[in-house]
Amino acid sequence: MEDRFWDRKIELLPREGLEALQTERLRETVQKAGRAPFYRKAFSQQGITPEQIKGLDDLRRLPFTTKQDLRSGFPDGFLAVDRSDVVRMHASSGTTGRPIVVYHSRGDIRQWTDRVARCLYMAGVRRSDVFQNMMGYGLFTGGLGLHYGAETLGAMVIPMGAGNSRRQVRFIQQFGTTVAHIIPSYSLKLLETFDAMGIDPKKDTRLRILVVGAEPHSEEVRNRIEEAYGVFAVNCYGLSEMSGPGVAFECPRKNGLHAWEDSYILEIVDPDTLEPLPDGETGEIVLTTLRREAMPLIRYRTRDLAMAHPGTCSCGRAHRRLSRIKGRTDDMLIIKGVNVYPIQVEQVLMVFEEVGNNYLILLDREGPADRMTVRIEMSPEMRSRGRGELEALRKKIIHSLRGEILFTPKVDFVEPGTLPAGEGKALRVIDNRPGGET
Ligand SMILES: [Zn+2]
């Protein structure tokens, strides 16, 4: 029964078949979108009628949709069906007062759920698995999205939600949890709890897969997670505007995340010129929904930066593969005139085995010049070292960072437990520069 989530017909569809399917679904999507007030107006302003969109080449004639558009369309500007056909809504936190709202019809929820089940099956999750969902439930899509996907696949789901580390560890043991869904930085933080409870996650638990998502992370962080837990740490990508998790997911070959092109059209564009970029070049991910009923979105600018890997995957799936997210355009820091993404710093730090899992980037201004300080929590191994050895390590880290970010940062080692660490997404940057944002 679970085998229905290995959808060979769709997953192994050759490129031409996939594009034919996308063409058909793009036409339907444009028709549907035209019923929403925002697109009705946008199409008429650009002199486009849905009937003119005949093939994938016509996609470029359609306008982009931005986060700002979604905010200004609050609450119902993007709704393409009758309110009575909506069965659920999700919303972003909306620090500015107007959250981004995404409505789902019954069909949307079913599509999303089946897609998540497909992702999990591809990663190796089966109905015999015990799936501990350590993501926040509620308006955030990470919790419910994976919950329904895993349950539909037939796994036993433990809906823990985020936080309460000791109880998480106890449940992993008591119920023989084999798969967990967890934020990557929290999975590293949780190692301290395992340690304090005298439990080795590798030897004393049945964990075999960790689904890590909701936070861009580096390959080095994945390696650390896999090493400490003895698991396959599968990378997943999604965003609530595109329903949630399950937009793209890694297959066990670990060479990129298959973006499900039967459900989305994937474009990578230059974030400045908005011109489409070829596979292999990094730019902003732009997505068009192909199956959504209540709230179709056209050419949505995600602000996430990645590339599509050229060529096909040895697993046989023709769906293109996204690289790891290299940053969000929102996260980009301009320091001494240089563009820096926090993940670049992480990549460098995590290569040093001695360095602990928690770090913080502090920005301030000294006179007219920006100053960047990287605070690193010391691992037990570092604390046992002499001053001279620590100094040598600090110099090596500074040297590697300079090679990556092209200027010389300050590096401080601090005692374990002194940097802010929560149970949600990690705080990695504090910008104290005048006009800077924390
Ligand atoms: Zn693959």
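## Surface and overall size

The chain's accessible surface comes to about 19000 Å² (Shrake-Rupley method, 1.4 Å probe; for residues, only the protein chains shown count as cover). Carbon and sulfur atoms hold 49% of that surface. Keep in mind that this is a predicted model: local features need pLDDT of at least 70, side-chain atom pairs count only at pLDDT 80 or more, and totals for chains, interfaces and linings use all residues. Residues are numbered from 1 along each chain as its sequence is written, and side-chain values use heavy atoms, with hydrogens and water left out.

How big is the box that the C-alpha atoms fill? Taken along the principal axes, it is roughly 70 × 55 × 40 Å. The radius of gyration (over C-alpha atoms) is 23 Å, which agrees with the value near 22 Å for a compact globule of 438 residues (the rule is 2.2 Å times the number of residues to the power 0.38).

## Two domains

The chain splits into domain 1 (1-330) and domain 2 (332-431), with bounds from an automatic or database domain assignment. Their centres, taken over C-alpha atoms, are separated by 30 Å. Where the two meet, 25 residues of domain 1 are in contact (heavy atoms within 4.5 Å) with 20 residues of domain 2.

Contacts also reach along the sequence. Of those in the chain with a separation of 6 or more, 66% come from residues 24 or more positions apart.

## The nonpolar cores

A nonpolar core here is a set of buried Ala, Val, Leu, Ile, Met, Phe, Trp, Tyr and Cys residues joined through side-chain atoms within 4.5 Å. The largest one has 48 residues, and those with the most contacts inside it are Leu210, Tyr229, Leu349, Met372, Ile397 and Phe413. Helix α12 (residues 387-405) gives the most to this core, with six residues. At least three residues come from each of domain 1 and domain 2.

Met372 has quite a list of partners. Leaving out residues up to four places away in sequence, Met372 touches Ile335, Val345, Ile361, Leu362, Leu363, Ile405, Phe407, Pro409 and Lys410. A second, separate core has 42 residues, among them Leu70, Val102, Ala294 and Ile325.

## Strands and sheets

Nine of the strands form an open sheet with mixed pairing, in the order β4-β3-β5-β6-β7-β8-β9-β14-β13. Strands count as paired if DSSP finds at least two bridges between them. At the edges stand β4 (156-158) and β13 (308-309); each has a single partner strand, so one side of each is left without a neighbour in the sheet.

Inside that sheet, β3 (residues 130-133) pairs with β5 (residues 179-182) in the parallel sense over three bridges, and Phe131 stands opposite Val179 in β5. Thr178 lies in the loop between α7 (165-174) and β5. Is Thr178 buried or exposed? Thr178 is buried, at 6% relative accessible area. Beyond its neighbours within four places in sequence, Thr178 is in contact with Asp129, Val130, Arg206, Leu207, Arg208 and Ile209.

Strand β10 (residues 264-269) is largely enclosed by the rest of the structure, because six of its six residues are buried. Tyr264, Leu266 and Ile268 point one way, while Ile265, Glu267 and Val269 point the other. Six bridges join β10 to β11 (residues 283-289), and the two strands run antiparallel. In this pair, Glu267 stands opposite Val286 in β11.

Most residues other than glycine have a negative phi, and most peptide bonds are trans. Here, though, a cis peptide bond joins Phe74 and Pro75, with omega about -5 degrees. Pro75 sits in the loop between α4 (67-72) and β1 (86-91).

Arg299 has a positive phi, near 45 degrees, and lies in the loop between β11 and β12 (300-306). At 3% relative accessibility, Arg299 is buried. Lys336 has a positive phi too, near 50 degrees, and is found in the loop between β16 (333-335) and β17 (338-340). Lys336 counts as partly exposed, at 43% relative accessibility.

Methods
Buried means under 20% relative accessible area, exposed over 50%, partly exposed in between (1.4 Å probe, protein chains only). Helices (H or I, at least four residues) and strands (E, at least two) are DSSP runs, numbered from the N terminus.
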